[in-house]
2 protein chains.
Amino acid sequence: MRVVVPFEAGDPKTRLAPLLDADERATLARVMLDDVLSSIRRTGHDPEVLATASLGEDVESRVPVTVDERPLSTAVNALLEPPMAIVMADLAIATPDALERVFDAPGDVAIVPGRGGGTNALVVRLDGYSVDYHGCSYRDHLTAADELGAHVTVVDSYRLSTDVDEREDLVEVLLHGEGETREWLERAGFEPVTTGGRVEVRRRDGDSGRRVDRGELECER
Amino acid sequence: MRVVVPFEAGDPKTRLAPLLDADERATLARVMLDDVLSSIRRTGHDPEVLATASLGEDVESRVPVTVDERPLSTAVNALLEPPMAIVMADLAIATPDALERVFDAPGDVAIVPGRGGGTNALVVRLDGYSVDYHGCSYRDHLTAADELGAHVTVVDSYRLSTDVDEREDLVEVLLHGEGETREWLERAGFEPVTTGGRVEVRRRDGDSGRRVDRGELECER
């Protein structure tokens, strides 16, 4: 089965801008992509990347890259051919075990919701299905499957439902990551901080003069 | 196996205070408890509640309740006797299938991390283990198991890793809930709102004159 990983090559992870500058966000996105590709390979599949722009020789020598500048859903639908899996590039705590549960799931469509109504992974095994990642795509993807009379399996995986877009998602990488992304964040000075509620992240002030986000991240323990 | 559900009877869910008044938060906590108890029963287990105060005849006629005013960890350790499962009371999107994966997990200790480093469900099958829910309890519970030489299974379930403490957790209930909690939230006027990023919640302005939280919940679609 083909496994496609869409990748935003432009200005990725803008919601992390308060914590990481543009270069760092671009690097983080590449490191997460590498982790996702590595986990997919360890399931025995050969991933391919669908990118909004060329990713350069370094990446393209290691993985097949299709460049399509159009919006995500349009680009995915242009190459969607069942059976095919579409796995988001920012699933930084995905493991081969978790991915295998999706790739091996029964039914015409297998879906993993992302936190906040997104679609983090999708396996399409029937003709005529198209994706729409805009808005509450999880619901829309279920509806689209219903309209085709498809049998749908929803896969219940915390590792795959966790995509990395926002500050609090970094905590999950620090706590549960098993790949390069966790190491990258640690080298960049991030550490979990125990507060009165959920664990949050703090960025240490380093020699590099990086911005440090204080105030709301006081350790309350 | 005994399945214990700790329940904070005092002023629960304070992080939802911007959205729900104290009475509403108390009701929400009870409705979530009922959903969790119902899901546990459907796995074939008879749950019991460990509460910080009496829950009244209405609840106590339906489920065994132990009252212990001490802090959560102290109270749990006082009754911990393997094999035993401890399931948090605010897992509003837990399903019997997801719980069965934990109850049936192999090993001496099975654990489900909560978002932000907590411990949402724990199965203890060996003597000498004690819990500590303070701080980053997921890591601490793994360490405690290591120190006993225990074999640990981490269960990867989005439904069980989602505890309901914060505003954005309500979205998950609205999107994935299969019990009374979702209906309660809908009756209270909550609905998912598509924004530029993750889906958020909005509370409709009703005849009841309830507070409505605006501003940050503009629909950007």
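**Cysteines, interface and salt bridges**

Mentor: B:Cys136 is buried, at a relative accessible area of 9%, and A:Cys136 likewise counts as buried, at 9% relative accessibility. Please keep in mind that this is a predicted model.

Trainee: And how many disulfides does the structure hold over all chains?

Mentor: Over all chains the structure holds zero disulfides.

Trainee: OK, changing topic: how many residues does each chain put into the contact?

Mentor: Chain A gives 35 residues and chain B gives 35 residues, and the area buried between them is about 3,000 Å², with 47% of it coming from carbon and sulfur atoms. On the side of chain B, B:Arg115, B:Tyr158 and B:Arg198 supply 29% of the area that this chain buries against chain A, more than any other three residues.

Trainee: What about polar contacts and salt bridges across it?

Mentor: The interface of chain B and chain A has 14 residue pairs in polar contact, both residues being at pLDDT 80 or more, and four salt bridges are found across it. In one salt bridge, the side chains of A:Arg115 and B:Asp169 meet at 2.9 Å, N to O.

Trainee: Which helices of chain B each supply at least two residues to the side that touches chain A?

Mentor: They are H4 (96–103), H5 (137–147), H6 (158–161) and H7 (167–176), and the largest share, seven residues, comes from H7(B). By class, that side of chain B has 15 charged, 10 polar and 10 nonpolar residues.

Trainee: Why is H7(B) described as largely enclosed?

Mentor: Because nine of its 10 residues are buried, H7(B) is largely enclosed by the rest of the structure; among the buried ones are B:Asp169, B:Leu170 and B:Glu172. The buried residues of H7(B) pack against strand S5 (109–113) and helix H5 (137–147) of chain A, together with H6, helix H8 (180–187), strand S8 (190–193) and strand S9 (200–203) of chain B.

Trainee: Back to salt bridges, which residue does B:Asp165 meet in one?

Mentor: The side chain of B:Asp165 meets that of B:Arg15, at 3.7 Å, N to O. This pair links distant parts of the chain, 150 residues apart, with B:Asp165 in the loop between H6 and H7 and B:Arg15 in the loop between strand S1 (2–7) and helix H1 (22–41) of chain B.

Trainee: Are those two buried or partly exposed?

Mentor: B:Asp165 is buried, with a relative accessible area of 12%, whereas B:Arg15 is partly exposed, with 37%.

Key
Residues are numbered from 1 along each chain as its sequence is written. Chains are lettered from A and ligands numbered from 1 in the order in which they are written. This is a predicted model: local features need pLDDT of at least 70, side-chain atom pairs count only at pLDDT 80 or more; totals for chains, interfaces and linings use all residues. Side-chain values use heavy atoms; hydrogens and water are left out. Contact means heavy atoms within 4.5 Å. Buried area is the accessible area (1.4 Å probe) that two parts lose on being put together, summed over both. A polar contact is a pair of N or O atoms within 3.5 Å; within protein, one must be able to donate a hydrogen and the other to accept it, and residues adjacent in sequence count only if both atoms are side-chain atoms. Helices (H or I, at least four residues) and strands (E, at least two) are DSSP runs, numbered from the N terminus. Ala, Val, Leu, Ile, Met, Phe, Trp, Tyr, Cys and Pro count as nonpolar, Asp, Glu, Lys and Arg as charged, and the others, Gly among them, as polar. A disulfide is a pair of cysteine sulfur atoms within 2.5 Å. Buried means under 20% relative accessible area, exposed over 50%, partly exposed in between (1.4 Å probe, protein chains only).
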